[in-house]
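Here is a short tour for a first look. Open the sequence and the model side by side.

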Amino acid sequence: MAMKKLLVASLLLGSSVAQSAEQFVVEDIRFEGLQRVTLGAALLKMPVRVGDNIDDRDVSEIIQSLFASGNFEDIKVFRDGNALLIQVQERPTIASITFSGNKAIKEEQLRENLDASRIRVGESLDRTTLSKIEKGLEDFYYSVGKYNASVKAVVTPLPRNRADLKFVFTEGVSAEIQQINFIGNEVFSDEELLDKFNLQAEVSWWNFLADKKYQKQVLAGDLETLRSLYLNNGYLKYRLDATQVAISPDKKGVYITLKIDEGEQYSVKDVQLRGELLGKRSELESLINITGGDIYNGAQVTALEEALKRKLGELGYAYPQVNTLPDFDDDNKQVSLIINVEPGKRIYVRNIAFSGNTSTKDEVLRREMRQMEGSWLNSRMVERGKERLSRTGFFETVDVQTVRVPGTDDQVDVKYTVKEANAGNVNFGIGYGTESGISFQAGIQQDNFLGTGNRFGINAMMNDYQKNISMEYRDPYFTLDGISLGGKVYYNEFEASDANISDYTNQSYGASLTWGFPYDELNFFEFGLGYDHNKISNTQEYYQIEKFKLIHGFNVGDNVIELDDFNWSVSWTRNNLNRGYFPTAGNHQRASFRMTIPGSDAQFFKAQYDVRQYFPLTQDHDYSLLLRGRLGYGNGYGTTDNGSDQLLPFYENYYAGGFSTLRGFRSNTVGPKAVYLNYSGGNNPELIGSDDAAGGNAVALASMELIVPTPFASDEVRNQIRTSFFIDAGSVWDTEYDLDDSDGKYIQDYSDPSLIRASYGAALQWMSPMGPLVFSVARPIKKYEGDDEEFFTFTIGRTF
């Protein structure tokens with residue numbers, strides 16, 4: 001085929017080279033080089049048709065139109081007589097995408113970015129886009145101080161016009177800051193300014209927060225911290241005139257120079273509210289905590305603006321504008337703060353919607369709401385609904401947002417998005433704990449039974465020291481105003497010696513009925529009635545048990561004693577934790593009192609107070625401090641038939657030790673020990689101390705726990721796993737016994753609460769699909785003779 005004229009030499013990567021062409025009428029259009037693209041698809045992209053009269057401009061439009069289709073990387077147009085011959089080279093199809101050398105960027109992130117740029121397997125390869133991606137990735141590395149980094153996209157041709165795409169990363173090392181210089185600072189020294197920076201030229205080994213590696217984003221944060229430092233100390237006209245970042249020739253060192261104009265320090269002359277105050281001037285002015293004469297503080301001003309916005313939000317003004325305008329008096333170095341308030345239009349709620357609750361019924365979520373549909377929007381009530389949903393324990397996360405209703409300017413929808421937690425399970429299996437040994441368990445436990453929000457459980461459990469079967473049910477909304485009703489029946493066999501307690505066996509069964517009511521948003525009261533039957537057998541003949549037998553008219557040698565007790569109880573709970581599972585902020589308190597009804601075989605009472613307080617240490621709550629405490633006391637009341645004072649039954653004693661009370665000590669081993677009577681010397685028995693735990697009628701426990709991010713845990717599981725470091729301390733004692741050492745062997749003073757044990761260690765808790773898992777490693781700091789250490793504990797299937 002004879003080619004008469006090359007009309008356009010080529011188009012490669014978007015550039016064309018054209019030659020002069022005479023006008024002619026197209027009689028035919030032919031393509032060469034088509035493989036994946038069909039002839040019909042190519043002709044549809046042509047701006048000319050057979051019979052058209054074309055010239056140079058038309059030829060350029062042909063090339064541009066074909067290139068815009070995204071199918072070709074090289075295009076040549078020839079005239080063959082009165083026919084157009086178009087030779088094309090199609091873009092190859094991507095057969096595979098691989099990565100090599102990337103450590104700072106995860107492969108998942110890279111694939112997401114490539115996918116957004118339409119670089120994916122099966123798509124045609126656009127080399128222009130590849131160049132942009134290479135540059136964008138290199139810019140990212142430069143922003144984190146890796147100036148020697150390079151990213152190359154290697155294209156390997158394959159048969160049938162396909163190509164393998166491989167991104168080769170050479171990350172290098174991050175450039176380190178060699179020096180940070182300040183120019184123009186007189187109020188604060190270089191050392192004072194550097195102390196506020198995360199970036200540092202010199203980093204002490206103990207300063208984990210400081211970073212010697214240069215990162216552009218971290219520098220931006222440090223500059224904002226610098227600005228806040230001056231604004232919070234009254235320097236309103238502070239200005240950063242210049243920021244110079246110089247790189248060493250080897251690209252491994254960074255020198256930062258900051259030129260500062262500090263300005264003058266200003267004090268507050270007065271604070272004025274202006275704008276539309278909705279007739280609530282006095283109420284809004286009561287929020288002002290800045291007085292004349294104070295040094296200007298930018299953080300205080302921002303906090304005041306947020307407080308005004310929250311107040312307006314509670315009144316239904318969801319999108320208020322609150323801006324502070326400074327009016328300077330330069331002669332006296334004072335500033336008047338004029339706070340302009342524009343509440344906007346008052347908003348009411350059209351709908352409240354829920355999403356993510358696949359199992360939990362809408363009514364369970366809706367009954368926790370305090371914001372009502374059809375009423376004015378109250379931001380505090382919306383947030384309170386979020387808090388109440390979090391405290392149910394049914395959800396791992398709860399988020400809320402207000403969304404404007406399209407076509408209106410005074411309506412919003414409130415949308416709560418939840419992620420359901422594993423609020424219960426059907427279980428049948430084998431567990432293990434270092435404290436309980438091998439355990440067998442079966443049953444149904446649902447804190448959110450069938451999505452109703454009711455608690456239902458039938459459980460059977462057997463381990464080294466206990467056999468138990470129970471059934472319980474609780475409806476937290478038995479009435480619409482929040483009155484709860486619940487009940488429980490149980491049967492239990494307890495072998496004390498296998499639980500590290502001086503030997504006895506207790507077969508018990510009973511039932512209880514409870515009902516409660518909320519006093520307000522945070523406080524809840526509960527009342528109960530119960531019955532317990534205890535059959536005690538196989539008792540060791542030690543002093544504490546023998547005394548209990550004697551005052552109740554049993555013979556010391558009686559191997560079996562049975563008691564029937566009826567009791568009533570009352571409890572108070574205050575809960576403002578930020579969520580039900582693994583909270584990071586807030587407070588939980590519970591005080592309870594239980595007392596047997598006069599006429600029961602054993603007349604006694606027990607009172608207990610528990611408190612947990614979480615203090616978030618960082619804004620995102622990654623680090624929190626937990627303070628925890630328990631106080632408990634029990635005793636008998638009244639007298640027995642033989643005139644003796646009643647005692648707290650030994651099977652109701654307090655114990656400590658183990659993962660739930662005092663880690664680092666074996667379960668139940670902390671506290672008073674059993675004291676045996678030795679009659680071999682005559683009528684006056686001597687007291688022989690032992691290492692067998694007997695428990696006491698009083699307990700005091702305290703714990704301080706630092707909660708930290710779990711290493712290597714992904715974002716998906718961070719709400720299901722918790723790591724902490726702790727210090728535990730506590731004591732158990734008995735106010736009714738004061739036993740002395742009679743033979744030189746240690747006997748604990750039962751009346752002395754100052755015998756405090758303490759331990760330290762680390763713990764890992766995981767809400768696994770098999771049930772709660774608890775690991776802890778602890779070492780006693782302070783102990784006494786007879787205390788039994790346990791360095792490592794592991795438990796599966798226990799609540800915590």
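The report below covers cores, ring pairs, charges over rings and one serine.

## Ground rules

This is a predicted model, in which local features need pLDDT of at least 70, side-chain atom pairs count only at pLDDT 80 or more, and totals for chains, interfaces and linings use all residues. Residues are numbered from 1 along each chain as its sequence is written, and side-chain values use heavy atoms, with hydrogens and water left out.

## Nonpolar cores

A nonpolar core is a set of buried Ala, Val, Leu, Ile, Met, Phe, Trp, Tyr and Cys residues joined through side-chain atoms within 4.5 Å. Buried means under 20% relative accessible area, with a 1.4 Å probe and protein chains only. The largest core has 22 residues. Phe182, Leu193, Tyr214, Leu226, Tyr230 and Ile256 have the most contacts inside it. Strand S11 (176-183), helix H6 (216-231) and strand S13 (253-261) each give two or more residues to this core. H6 gives the most, with five residues. Helices (H or I, at least four residues) and strands (E, at least two) are DSSP runs, numbered from the N terminus.

A second, separate core has 21 residues, including Tyr542, Ala602, Tyr651 and Tyr676.

## Aromatic pairs

A pair of aromatic rings is described by the distance of the centres and the angle of the planes. Rings of Phe, Tyr and Trp (its six-membered ring) pair if their centres lie within 6.5 Å; planes under 30 degrees apart count as stacked, over 60 as edge-to-face and the rest as tilted. The count comes to 24 aromatic pairs. Phenylalanine 99 and phenylalanine 167 are stacked, because their ring centres are 5.9 Å apart and their planes at 20°. Phenylalanine 99 is in strand S8 and phenylalanine 167 in strand S10, 68 residues apart. Both are buried.

Tyrosine 504 and phenylalanine 650 form an edge-to-face pair, because their centres are 5.1 Å apart and their planes at 85°. Tyrosine 504 is buried at 2% relative accessibility, and phenylalanine 650 is buried at 5%. Ring pairs link Phe494, Tyr504, Phe548, Phe650 and Tyr651 into a cluster.

## Charges over rings

A charge sits over a ring if NZ of Lys or CZ of Arg is within 6 Å of the ring centre and within 35 degrees of the ring normal. Lysine 237 has its charged end over the ring of phenylalanine 328, 4.7 Å from the centre. Arginine 404 has its charged end over the ring of tyrosine 319, 3.9 Å from the centre.

## Serine 571

Serine 571 lies in strand S27 (residues 560-575). Its relative accessibility is 7%, so serine 571 counts as buried.

Technical notes
Buried < 20%, exposed > 50% of the residue type's maximum accessible area, 1.4 Å probe, protein only.
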